[in-house]
Amino acid sequence: MSHLGSERESTVESAQMLTSLVRLRGALQQATLPLELPGVGERRTQLREMVDQLEDYVIPRVMTLDAPLLAVVGGSTGAGKSTLVNSLVGSRVTQPGVLRPTTRSPVLVHNPADAGWFGQDRLLPDLHRVSQPTNDPGALQLVPAHTVPEGLAILDAPDVDSVEKSNRALATQLLAAADLWIFVTSAARYADQVPWEFLRHASERSAAVAIVLDRTPLEAADTVAAHLARMLASRGLKDSPLFIVIEGPIDHEGLLPADAVSHISGWLVELAADAEARAAVVKQTLEGAIRTLTRRTHDVADAVAEQVSAEARLREGVERAYDRAVDDIVAASADGTLLRGEVLARWQEFVGTGELLKGLETKVGWLRDRLVNAIKGKPHEAERVTVAVESGLQTLIIEQAEAAAERAEASWQSLAPGQALLAGAGEDLGRASRDLRRRTERAVRDWQDDVLDMVRTEGADKRSTARFLAYGVNGLSVALMVVVFSHTGGVTGAEAGIAGGSAALGQKLLEAVFGDQAVRGLAERARRSLAIRVQELVAGERARYVDLLDAAAVDPAMPDRLRDAARRVDDVRYQSLRGGEPHSH
């Protein structure tokens with residue numbers, strides 16, 4: 001293939017990689033892990049670090065492959081990083097931390113000719129650029145220095161094991177943006193755990209790493225260096241250059257003697273001068289970063305899938321608790337349960353018992369006439385039935401809402417994310433809401449008004465009949481309520497006969513005015529109206545739980561979207577490898 005053809009193919013592959021990486025970043029940015037599942041804190045940190053690395057390093061580097069190689073100097077507290085950077089540059093460009101922890105902006109030293117590569121829209125775009133030292137960790141201090149060769153930039157990062165959390169986070173972010181890690185440790189600290197965690201991550205993503213063993217006593221240099229080399233080899237870093245800086249005097253500017261760091265500075269100068277070697281370092285680190293990002297994206301997708309599953313379990317517990325409440329209320333308002341106690345007593349006062357019940361049982365033909373005589377002149381007693389029905393329904397609904405709240409709370413308490421949501425709810429979700437009684441009173445009265453309207457509408461052409469006038473709209477309405485409450489005839493025990501008989505009286509009373517078929521239609525409409533209002537009330541109670549889940553905004557489609565975005569990146573990477581060209585060239 002001609003050079004021109006190869007270059008054109010590389011440009012296409014680079015554009016494809018950039019497009020797929022931007023899509024991956026978008027998917028990761030939209031992925032959320034709101035529910036408190038075991039290990040979710042670590043996954044949230046991982047997700048944030050992945051987005052940072054894409055924005056800080058991977059995407060800018062794919063866009064600007066010719067930019068200078070960025071060597072980030074990082075390491076342990078007190079390892080002498082700033083002194084090393086100053087000594088490599090040959091002047092005091094970064095301030096060593098006398099007090100620990102030191103909070104200041106990271107310092108990037110570059111050749112003046114390379115200044116254009118480090119504008120705000122390039123590497124580490126969320127750090128604003130400054131030209132003077134500052135204690136703002138959100139700033140990046142740019143320092144031009146002719147002693148730094150073109151094609152290389154050196155960045156002094158905070159301590160990886162700083163006691164200051166923000167310093168550690170910034171160090172992690174900066175190291176993830178490095179083409180080359182210059183990891184500085186000391187003879188006294190080289191076996192510390194935290195730096196080795198960073199080195200392990202570097203090895204896992206095939207990042208280019210150089211190790212500097214700083215402040216090493218001359219007599220211990222060979223022993224310590226040999227031990228450190230074995231540690232590096234056992235952790236997959238045997239090919240990483242290892243430099244020893246012998247402990248020595250520091251001049252009045254805080255610099256080590258030039259010959260103490262000449263082997264490091266010489267290596268960096270050679271690297272900067274060799275375009276192929278520099279490109280190889282960039283390619284190694286960039287491809288390792290991309291490969292690691294796609295692998296970790298599948299881990300994030302698994303974590304999001306766990307969130308989806310947990311959210312579904314939480315939602316199912318709520319739905320089950322409140323669906324049962326609706327079912328229980330509807331059942332109890334139709335099986336005769338309400339035709340007990342106060343409602344039954346007031347109804348009996350209204351229609352009378354004794355002779356009427358006896359007449360019903362023996363099916364005496366004059367029953368309807370006797371009903372008229374029994375009810376005539378009792379409007380106040382119809383009102384008492386209405387009040388008793390109102391009270392009975394309210395009690396039923398509130399009791400079931402309380403039971404549902406307890407069931408829903410128990411189902412959430414059995415799961416860690418449910419416990420966290422309950423703790424942050426701002427109210428006791430294990431009890432019915434404070435305004436439920438007021439809303440229930442309104443709903444029951446509205447239903448009773450519905451029943452009145454149904455009776456009034458159905459009897460529009462019967463208002464002048466003797467029976468309609470005798471029973472009145474209120475009397476017929478309470479009779480319809482009683483019929484609704486005895487729909488399934490589920491009353492058992494001693495009250496069954498009385499309640500059933502009383503309901504049958506209501507049926508006969510309505511039929512005397514409207515006829516059989518009309519009564520069946522009225523009762524069905526009244527039942528539906530009551531069921532709708534019950535569902536609305538219970539939905540309001542359910543919403544206290546459901547709103548918390550909705551606010552979490554767990555997207556069930558997100559795991560597949562993440563995996564698809566990761567596969568697209570891998571497809572472009574594999575395609576470029578098969579073609580024998582690195583994807584970024």
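Me: Which strands does helix 4 lie across?
Reply: In this predicted model, helix 4 (residues 165–175) lies across strand 1, strand 5 and strand 6 (180–186), and its direction runs at about 155° to strand 5.

Me: And what does helix 7 touch on the sheet?
Reply: Helix 7 (residues 258–273) packs on the sheet and touches strand 1, strand 5, strand 6, strand 7 (208–216) and strand 8, while its direction makes about 145° with that of strand 8.

Me: Do strand 1 and strand 5 pair in the parallel or antiparallel sense?
Reply: Strand 1 (residues 69–75) and strand 5 (residues 152–159) pair in the parallel sense, over six bridges, and Val 72 stands opposite Leu 155 in strand 5.

Me: What's the strand order in the sheet?
Reply: The sheet is open and has eight strands in the order 3-4-2-5-1-6-7-8, with mixed pairing. Strand 3 (128–130) and strand 8 (242–246) each have a single partner strand, so they stand at the edges with one side left without a neighbour in the sheet. From one strand to the next, the twist averages 25°.

Me: Switching topic, at what angle do helix 8 and helix 17 pack?
Reply: Helix 8 (residues 275–332) and helix 17 (residues 516–552) pack at about 165°, with their axes 10 Å apart, which means that helix 8 is roughly antiparallel to helix 17. The crossing of helix 8 past helix 17 is right-handed.

Me: Which residues make that contact?
Reply: Among them are Leu 314, Val 318 and Tyr 322 of helix 8, together with Val 534, Val 538 and Tyr 545 of helix 17. The residues of this contact divide into 12 nonpolar, one polar and eight charged.

Terms used. Residues are numbered from 1 along each chain as its sequence is written. This is a predicted model: local features need pLDDT of at least 70, side-chain atom pairs count only at pLDDT 80 or more; totals for chains, interfaces and linings use all residues. Side-chain values use heavy atoms; hydrogens and water are left out. Axes are lines fitted to C-alpha atoms, for helices over the stretch in contact, and angles run from 0 to 180 degrees between N-to-C directions. Helices (H or I, at least four residues) and strands (E, at least two) are DSSP runs, numbered from the N terminus. Angles under 35 degrees count as roughly parallel, over 145 as roughly antiparallel, 65 to 115 as roughly perpendicular and the rest as oblique. A crossing is left-handed if the near helix is turned anticlockwise from the far one by less than a right angle, and right-handed if clockwise. Contact means heavy atoms within 4.5 Å. Ala, Val, Leu, Ile, Met, Phe, Trp, Tyr, Cys and Pro count as nonpolar, Asp, Glu, Lys and Arg as charged, and the others, Gly among them, as polar. Two strands pair if DSSP finds at least two bridges between them.
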